[in-house]
Amino acid sequence: MLAKIKAIFLIVKDWILKQLKKVSPGAHAFKGAGIGLISGSLIFFLIETVGMVLNFRDPWILLLGLVIILAATLAAFLSNWLLKKWNELPRLFRVGLFIAVPLLLVTRLGDERILLFLILIFALLGAGLASLKKGYFPKLSTPKKVVVFLGTIVGLAGAIAFIYFLSIRGLEMKPIINAGKLAEDNIQVIQAPSPAEKGKYGINFFTYGSGKDIRREEFGEGVSYQTQSVDGTAFLDNWEGISGKYRTHYWGFDYRELPLNGRVWMPEGKGPFPLVLVVHGNHPMQDFSDPGYDYLGELLASRGFILVSVDENFLNGSWSDFPKGLDKENDARGWILLEHLRQWKDWSTDPQHELYQKVDLDKLALIGHSRGGEAVGHAAMLNQLDYYPDDASIRLNYHFNIQSIVAIAPVDGQYKPGSSLTKFENVSYLGIHGAQDADVESFDGAKQYERISFTDSAYRFKAGIYISGANHGQFNSSWGDNDILATFSGILNKKQLMDVKDQERVAEVFISAFLETTLNQKMEYLPLFADARKGRNWLPESIYLSQFEDSRSRFWAGYDEDYDIKTLTKGRQAVGKNLSVWREGEVIPKYGLKGTRAVFLGWNYEEFGQDTLEWEGTEKPILPDSVLSVYSLILDQNSFRPDSSSVLIFSLAESDESSNPKSSGKWVKNESNNENQNAEENSEETDLADEDEEEEKDDEKPLQPLDFNIELVDNEGEKIRFLLSDYSPLQRLIKSRVLKIQFLDEKDETESIFQFYQFDLNKFGSKNPLFDPAKLQEIHFIFDQSEAGVVVLDQVGLMPRLEN
């Protein structure tokens, strides 16, 4: 029996091999495919190498490219020798494949599937062109001619498709409704000039530095004031080996002689003026980043601020960082900023110096972008310490009067003092981040935001601004829209990007207003940070989500105190009714942890309402108490209460988790009644076509913002009720696709971003004159305006009204 089966198998095998031989284009085609792989990958790699030379402005990259080509060729021949089992394939094809793979891996294409696609296309084109060679193609059998022709057409079509893929700016995404805009008529704009308007001051521009810079004349002989170098030995690792020697060769100094270089935009006049330092992030060190904040320098200097763009390019990464480059150097970035402040203090307090009394040393601020955005937090922390936290033999003792910090698209946790995350206190903070950031994809500034505390008597605040359409690089005028510095930047999806001038305007409005508020006490700009709609006449059209907390804010519920879902931070208890989701947990961004816990609340009326309830119209269904989902906070007698100046505040975000988590998994029970099951199946089959059509239409429509009622009850039982949408409906998750290939997966990048809510209780007094806010007893979140949803609630409390 086994012998018969084996014989049948051999007959089938022989037949298959004969059929394959009939259509196989032959060894000549495979040789051509190898040539195609080598040629195509070399062309792409050489374009990448030339692009790096232009982007990094360093011709030594050409030598590195040659080394990579030689290494790839050597590895290809070595791999070919080791994989002799591939001997049935022509040698040139194998060599071509082994050369193509490492070269295309080095080329930054964003996704391995693009690499595989290019290998296929190069092979098909090479095989097709070789097979179509005069004198060879006519000799092929008809089936082989068909295969050659089809393969060539597929290769050519693929090449054209890839060129088109790179050439288009991007693809359309499902539209999203700007929830805040729906209620913006309820929000009064700030009656003050735009903080992005140029001021009355003329501007003096100059540079200071070592005077010895071998790369830039403005920090060499062109400096107005010469500075002494500083020794970074205590703060830097890995300035050694081949990469360290090249770094020293390139800059002309090592870690023991770090320069204090700065570009200065100074107002004309006597002064003293507030001093603001801005520092760039990690970018190729050969492509200097410090000139990229000229637009901020010109604006702020015209408004009476000294702005210094600090040069820290010598701490940035380089193509030469192998096997290892500088690592965890962000404490050094922050420390250098403090050394710049020390230099400015020396100048401003020296009667013999031209900059004597030019700086108001009680009005200091730091701005950082990317790694610089983390570094300014480290600077704020180190400034408050007497000793370096990782080595007490290193004395710091700066204690400058830094009033405010701005972090633009910052990273977080690159340096950890004492193996923990940086914390500081009594400094106002502004974090800014874009939803289309392809470099730092998670809002890491919101993590630092959670670790800032206010303990003194001065008024301070912290804010976070999340901007739909903003990317990473366009905050720096020299970085642009190529967040990953890819030579083939067409792999990036730029369709949803803001115009570069609009993104710079966003930075100008928020940063200028922040500095005017925190350094010059122009409090008319303060409400902008709690609600960007108050500056809608100044800002480009976009979705802005604001987080806000000031030193006067007090909270009943912060959800960080314990794991009991029924206890509050300051109050008695929390109560949930008919909630499909009710849990406390960490808020999880795209990467890492946000560093705060919140309560997750979900509701779902789909099963109850089925097709009988209409949620799309203005009149919402009236639900019985037996199914109505409500979350309540019950205050005790020791809890603080509102006064005439109080506004109710909380932070809210949408969660992307299921609003009906018990519809699957362990919660589903097996039905034993086959008759009922069959009836359900028949019903489903009957409606299948209609449901598919409806789902298709629903997929094209933007999701409606979430809404619900809020009810307040005093200890006499008097109530007032108002809608979340009286201030703003809840913004649905802002989703992005930073790479075009993500459209193939239909994969959206998103995270829960908190939106700050504030309700002036005095304005709702007309709803019930008998209600007394000073006797507030219960707060109910009544989920009755949307059919289903999950929200994340945090920081429920009170703060004094922000006067507009």
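I began with a definition: a salt bridge is a side-chain nitrogen of Lys or Arg within 4 Å of a carboxyl oxygen of Asp or Glu. With that in hand, I looked up a network of such bridges and found Asp213, Arg216, Glu218, Arg263, Asp290 and Asp311 linked in it.

I noted that this is a predicted model, in which local features need pLDDT of at least 70, side-chain atom pairs count only at pLDDT 80 or more, and totals for chains, interfaces and linings use all residues. Residues are numbered from 1 along each chain as its sequence is written, and side-chain values use heavy atoms, with hydrogens and water left out.

I then looked up the total and found that the structure holds 39 salt bridges.

One of them joins Lys501 to Glu504, with the closest N and O atoms 3.6 Å apart; both residues lie in helix H13 (residues 500–520), three residues apart, about one turn of the helix. I checked helices (H or I, at least four residues) and strands (E, at least two) as DSSP runs, numbered from the N terminus.

For cover, I used buried for under 20% relative accessible area, exposed for over 50%, and partly exposed for in between (1.4 Å probe, protein chains only). Lys501 is exposed at 55%, whereas Glu504 is buried at 6%.

Next I looked up Arg801 and Asp760, whose side chains meet in a salt bridge at 2.6 Å, N to O. Arg801 lies in the segment after strand S25 (788–800) and Asp760 in strand S23 (residues 755–760), so the pair ties together parts 41 residues apart in sequence. Arg801 is partly exposed at 24% relative accessibility, while Asp760 is buried at 13%.
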